[in-house]
Amino acid sequence: PICERDSRRTSYQHNINMQSAEDISWLNDMSAMAQNLGFANMEQPPSAKVTIPVALLSAFVVYYLLAVVKKPKVAGGNGRLRELYQQHCPSLWESYWPTFWALNAHVSSIVRAFIQRPPPFISYERELVELADGGMASLDWVKEANVLPSSAPVLLILAGMSGSSDCAYVKYLALAGLSEDYRPVVFNQRGAGGIPMKTYRLFCCSKVDDLQMAIHYIRKRCPESKIVGVGVSLGGIQMVSYLHQTGDNSDLSAVLTISSAWSTYATQKSIEQSRVNIRYSRYLCGKAKTTLLSYLEQDGVSRHDLPFDMEQALRVTLMSEFDKVVTVPVFGYSSLDAYYADATTNNKVDRIKRPLVCVTAANDPFVPEDSLPFEAVEKSDMVTLVVTAYGGHIGFLEGVLPTRQMLTDRVCKEFLLAMKEYHSKVA
């Protein structure tokens, strides 16, 4: 038995030695192949330290660098304006490095609202604006700009549908204005920023009489100043509508829009024909109904005096339904299609006579890229489209922990500087 055991051990050892010899031979072959391919320092597989997580991370880094980090598409703004943008707006021409863990459009769109910390030193002085139909809005003037001369240019900021002067992204736009010696003021529309509802009239993409009234108030307070507008989402749509409706008579000397749609049809289709995007429509519809209810809950208000069926309005769940039941009759449109046709601006680019830069993301769930008026913009000297590959809706996150300024804040600051030079040369 001892001899048999020793014999087995010898056999096992022989097999191990044979396997080791085969391994060594295989490694030598691989090493020679690596030498021939130029990988002189390739580590040998048995001693390799590469793990699956590291390999996946390496693959993601390669993907991020090759497929994610890209320069924005820039169209239009020909001639003198394009030269100014190239000189003063490097963010339009440099590669955009979005936050690597928030590439998804929905993550980028939602995270900013929760993670961005507002600048600590932006405070407001509120001026109430009485509107023509008895409604009320406000102009929130940034107090930190009171040290500027009376002739300092004004930066008029319009937030999105659910935004106000309290939003972090609005305050960073105001900060960008302060850094370029502009006097920032935020126009809080009906029902926003704590403004009580005085009438049943809410927002409308195509009607700009409230915005005109706000500009009138600004003109009275700052008669010598240029007024540059920055509109976000719905605010941007309204500013573009104002520009094409007023043409050469516009009191806005330039406008920057962020995440603003050009086609109301395309926006509603995008946010209501997807099981994921439809949640945006439901959320905005809920906000609109809440604002409307705040008016109806006031003393002396009767549902019978409304130009729409309030019971039906409370049953709707999507923005297109709310527009059909409420917006259409309130603003005097014959149909939902008539309203959307009036609110769509991608066929009205030629009417815009002031410098306009529109920043949007190709993955914005509200602004499909194929709805952007690239062809019309290429023929325009005044309108410039800037489309980043990523950014979502009002996202445009940057850095590992995006709690402060984002890409659009830098773009705003650079745009305001460019407009200072533009207006000095035009004057």
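Analyst: Happy to! Among contacts in the protein between residues at least 6 apart in sequence, 77% join residues at least 24 apart; a contact here means heavy atoms within 4.5 Å. This is a predicted model, in which local features need pLDDT of at least 70 and side-chain atom pairs count only at pLDDT 80 or more, while totals for chains, interfaces and linings use all residues. Residues are numbered from 1 along each chain as its sequence is written, and side-chain values use heavy atoms, without hydrogens and water.

The protein has 14 helices and nine strands, taken as DSSP runs numbered from the N terminus (helices H or I, at least four residues; strands E, at least two). Of its 427 residues, 52% are buried, where buried means under 20% relative accessible area, exposed over 50% and partly exposed in between (1.4 Å probe, protein chains only).

Now to α3, which spans residues 80–88. Its buried residues are Leu 81, Leu 84, Tyr 85 and His 88. These lie on the same side of α3 because they cover an arc of only 100° around the axis, the arc being that of the directions from the helix axis to the C-beta atoms. Glu 83 and Gln 87 are exposed on the other side of α3.
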